[in-house]
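Biologist: I have a model open on my screen and would like to go through it with you. Could we take it one question at a time?

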Number of protein chains: 2
Amino acid sequence: MSPTKAPDSSRRSDRSRRAIHDAALALVVEVGYGKTTIEGIAARAGVGKQTIYRWWPSKAAVLLEAFTALAERAAETAGEVHGLPDTGDLAADLKRVLRATVDELNDPAIEAPTRALTAEGIVDPKLGAEFTEKLLDPQLQFYVTRLRAAQEAGQLRAGIDPRIALELLIAPLTHRWLLRTLPLTHAYADTVVDYALRGLSAED
Amino acid sequence: MSPTKAPDSSRRSDRSRRAIHDAALALVVEVGYGKTTIEGIAARAGVGKQTIYRWWPSKAAVLLEAFTALAERAAETAGEVHGLPDTGDLAADLKRVLRATVDELNDPAIEAPTRALTAEGIVDPKLGAEFTEKLLDPQLQFYVTRLRAAQEAGQLRAGIDPRIALELLIAPLTHRWLLRTLPLTHAYADTVVDYALRGLSAED
């Protein structure tokens, strides 16, 4: 083997992999999860279907990897690949990351495939559990880590469970976005952080 | 016309209407929104499809009414047809209604069709907006009314917008249920109310 052959082959395979990801995401938006097939993905990506079968065991596995790659690119853009920012100012850090989440959910390239997969997971328990475990839970863990650090710094009440606390921060955004109740804006993200941290009750 | 004829006819028509609702909800669970048809609903309900066309302009209209009836029966069971309870104890009232919501979402007769319609609304903006406007928004308005009463009683911070505050209370339940992250329990509903009302931050 020539010394350059492996890198060339690796570049070619990266290119094919990306084309397959893009084709899978595009198809799930256009025809829905149920009608997306390995054959359809292969045709759209311009590869043989054996290429897909060699790399992935199922359609769900292709889409899971495509979404993971999409989420990683979005996280890189937002500068949050390895967790939430920790400047010591919890409110500011949460607002920064929730504003970035608002931007992602409002980005058509992310919104359409995320809606298609979320909808399928809502009616298909097995797929829903797999996507939640592999895609959503690792992101939620970033919030647990950040909230626990705030707790250790005495900024979060001692009795609070960070795994539940994070739901008061992110669920309102997801709810508004999925159910289209009202516009999803930076101002809304800021208000959710303020309300969740300070609480709704009047001081005693 | 005999005096008894109208009531008989009304009873018969109530029975048909209920059969059509039940058929529509069952079909949307079994085959999904896309494959549910007026013909299929008519066949399953044992009525002619002209009966359906006479009463409703579209499949979406049948399902909207079927869901409204389902939600009203659930609200009657929970004793909350005309709004949230107001005993003067905001936390207790919210826990009561959110525990009832947990029970509804965990009831297979409500869960399955609600998942099917929610999933469709997530990918179909027109249907999603219609269901949110006609089914979800009126329920959210009950929370606005109850939170505003608490605000007037000095129990909620003066600057809080009740329309946003309610999202911190109900969105965590919806998020957990739709995305199957963790079990949806009464204890969870209670914790969400406690966290939302008191806030996550340590006292200054």
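**A walk through the model**

Modeller: Let's begin with one residue: leaving out residues up to four places away in sequence, Glu167(B) touches Pro172(A), Arg176(A), Thr181(A), Tyr188(A) and Pro172(B), where contact means heavy atoms within 4.5 Å. This is a predicted model, in which local features need pLDDT of at least 70 and side-chain atom pairs count only at pLDDT 80 or more, while totals for chains, interfaces and linings use all residues. Residues are numbered from 1 along each chain as its sequence is written, chains are lettered from A and ligands numbered from 1 in the order in which they are written, and side-chain values use heavy atoms, with hydrogens and water left out.

Biologist: Does Glu167(B) count as buried or exposed?

Modeller: Glu167(B) sits in helix α8 of chain B; helices (H or I, at least four residues) and strands (E, at least two) are DSSP runs, numbered from the N terminus. Buried means under 20% relative accessible area, exposed over 50%, and partly exposed in between, with a 1.4 Å probe and protein chains only. Because its relative accessibility is 0%, Glu167(B) counts as buried.

Biologist: How many helices does chain A have?

Modeller: Reading along the sequence gives the pattern α-α-α-α-α-α-α-α-α. Chain A has zero strands, and its helices number nine.

Biologist: What share of the residues of chain A count as buried?

Modeller: The C-alpha atoms of chain A fill a box of roughly 70 × 45 × 30 Å along the principal axes. Among contacts in chain A with a separation of 6 or more, 61% join residues 24 or more positions apart. Of its 204 residues, the buried share is 50%.

Biologist: At what angle do the axes of α7(A) and α8(A) cross?

Modeller: Two packed helices are described by the angle between their axes and the distance between the axes. Axes are lines fitted to C-alpha atoms, for helices over the stretch in contact, and angles run from 0 to 180 degrees between N-to-C directions. The axes of α7 (residues 125-152) and α8 of chain A come within 9 Å, and they cross at roughly 110°.

Biologist: Which word describes how α7(A) lies to α8(A)?

Modeller: Angles under 35 degrees count as roughly parallel, over 145 as roughly antiparallel, 65 to 115 as roughly perpendicular and the rest as oblique. The crossing angle is roughly 110°, so α7(A) is, relative to α8(A), roughly perpendicular.

Biologist: Which residues of α8(A) make the contact with α7(A)?

Modeller: From α7(A) come Leu140(A), Tyr143(A), Val144(A), Leu147(A), Arg148(A) and Gln151(A). On the α8(A) side, the residues are Pro162(A), Arg163(A), Ala165(A), Leu166(A), Leu169(A) and Ile170(A).

Biologist: Where is Arg180(A) found?

Modeller: Arg180(A) has a phi near 50°, a positive value in a residue other than glycine. Because its relative accessibility is 23%, Arg180(A) counts as partly exposed. Its place in chain A is the loop between α8 (162-179) and α9 (186-198).

Biologist: What phi does Arg180(B) have?

Modeller: Arg180(B) lies in the loop between α8 (162-179) and α9 (186-198) of chain B. Although Arg180(B) is not a glycine, its phi is positive, at about 50°.

Biologist: Which feature does UniProt place at residues 37-56 of chain A?

Modeller: This span is 75% helix and 0% strand, and its end C-alpha atoms lie 13 Å apart. UniProt positions are given in the numbering used here, feature names are shortened, and annotations may be inferred rather than shown by experiment. The UniProt record, an unreviewed entry, names residues 37-56 of chain A "DNA-binding region".
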